[in-house]
Amino acid sequence: MNSLSLQYFLAAADHRSITRAAEALFVTQQNISNHIIKLEKEFGIILFDRKPELRLTYAGEQLYRYAKNLQQMEVSLQREMSDIAGDNHGAITIGIPQTRSSYMLSRILPEYHREFPHISLQVVVQNSNRLNDLVEQGDIDVFIGFASQRPNGHIKTISLNKERLCAVVPYDRLSNRYPDSLRSVTNLFNSHFLLSEFVDEEFLLPSEGSRVREAVNRSLRAQNLELKKVALECPDIPTLLFLAREGMGLAFSFESMAHQLLADHIGQPNGVFVFPMDEKIEGDIVIGYSKEHYLSKATKHFIDKAISCYNHTEF
């Protein structure tokens, strides 16, 4: 048994396909198959059921668990020895949800790269629940997203900020509705937004199942309201914000996201107003890492940089 055979075995198991594993590793399918057959002969077992699709046998599941641990131990060993040697080269893999990647990483990564230009960076985009799993498995080093609602003693999380729901109202729609009292209405809505005033407007909504949509639905139920005109539903909140900026309709968002993506357009003619809402969005935005795996200096520096950029951010 050698590490290359285990690497190919893990790739086939993760991709559930020898073809996809070979493509990911830039080797031939026959090469992957030969290494798997070699392991099966060495242990005298069958590692995969090959029909109707590739999946691990019971024996394969046990080998996968040990191989994954060995792989992570090898990575941890290499990183710790590199840190001891004072080598400033290295790599970290960062996980983040799609809706946050552009505006959060744009604040962290340029400054981090200027300070640590020899650290190679890879970004994995997944939802927060999946990122919690990936960091525990050692497939990523650190993640930014919502903390898992399932208690997990293997993951350390540090709160970056608490999210609030906000309404994004096109400037022209508010000024047309309140032509003689725009300033006073704006001051009122900044302290207490009245969704009931806008139910007849056109709305741009995030898709069902998202945290923002769930918060909007709770707010509507609590006030016994119904939105009469839904012009668009879309899973990507930045897209909804940019469409609201163009006047297509009212949108809802995480407050931090709206303020960062629309910073130059808030309160400006042909721009938008961003009004905080009382409904809370469940969960804090955190940066998280595994307690079980070695935390390299490069990863520690990234965590420190994220905390300095976002901890206790207010708008």
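## Briefing: local features, sheet and helix packing

Arg16 is exposed, with a relative accessible area of 59%, where exposed stands for over 50%, buried for under 20% and partly exposed for values in between, using a 1.4 Å probe and protein chains only. This is a predicted model, in which local features need pLDDT of at least 70 and side-chain atom pairs count only at pLDDT 80 or more, while totals for chains, interfaces and linings use all residues. Residues are numbered from 1 along each chain as its sequence is written, and side-chain values use heavy atoms, with hydrogens and water left out. Helices (H or I, at least four residues) and strands (E, at least two) are DSSP runs, numbered from the N terminus.

**Backbone features in loops**

- Arg16, found in the loop between α1 (3–15) and α2 (18–25), has a positive phi of about 55 degrees although it is not a glycine.
- Asn270 also has a positive phi, of about 65 degrees, without being a glycine; Asn270 lies in the loop between α11 (255–261) and β10 (272–290) and is exposed, with a relative accessible area of 58%.
- The peptide bond that leads from Lys51 to Pro52 is cis, with omega near 0 degrees, and Pro52 belongs to the loop between β1 (48–49) and β2 (55–56).

**Arg130**

- Arg130 is part of helix α6 (residues 128–137) and is partly exposed, with a relative accessible area of 33%.
- Although Arg130 and Pro97 are 33 residues apart in sequence, their C-alpha atoms are 9.4 Å apart in space.

**The sheet around β9**

- Strand β9 (residues 250–254) is mostly covered, since 5 of its 5 residues are buried.
- Strand β6 (residues 155–170) runs antiparallel to β9 and is joined to it by 4 bridges, in which Val168 has Ala251 as its bridge partner and Ala167 has Phe252.
- Strand β7 (residues 202–206) runs parallel to β9 and is joined to it by 2 bridges, and here Leu204 has Ala251 as its bridge partner.

**Helix packing**

- The axes of helix α5 (residues 98–115) and helix α12 (residues 297–310) come within 10 Å and cross at roughly 130 degrees, where axes are lines fitted to C-alpha atoms, for helices over the stretch in contact, and angles run from 0 to 180 degrees between N-to-C directions.
- That angle makes α5 oblique to α12, because angles under 35 degrees count as roughly parallel, over 145 as roughly antiparallel, 65 to 115 as roughly perpendicular and the rest as oblique.
- The residues of α5 in contact (heavy atoms within 4.5 Å) include Tyr103, Met104 and Arg107, and those of α12 include Ala298, His301 and Phe302.
- By class, the contact of α5 with α12 has 10 nonpolar, 1 polar and 4 charged residues, where Ala, Val, Leu, Ile, Met, Phe, Trp, Tyr, Cys and Pro count as nonpolar, Asp, Glu, Lys and Arg as charged, and the others, Gly among them, as polar.

Technical notes: Two strands pair if DSSP finds at least two bridges between them.
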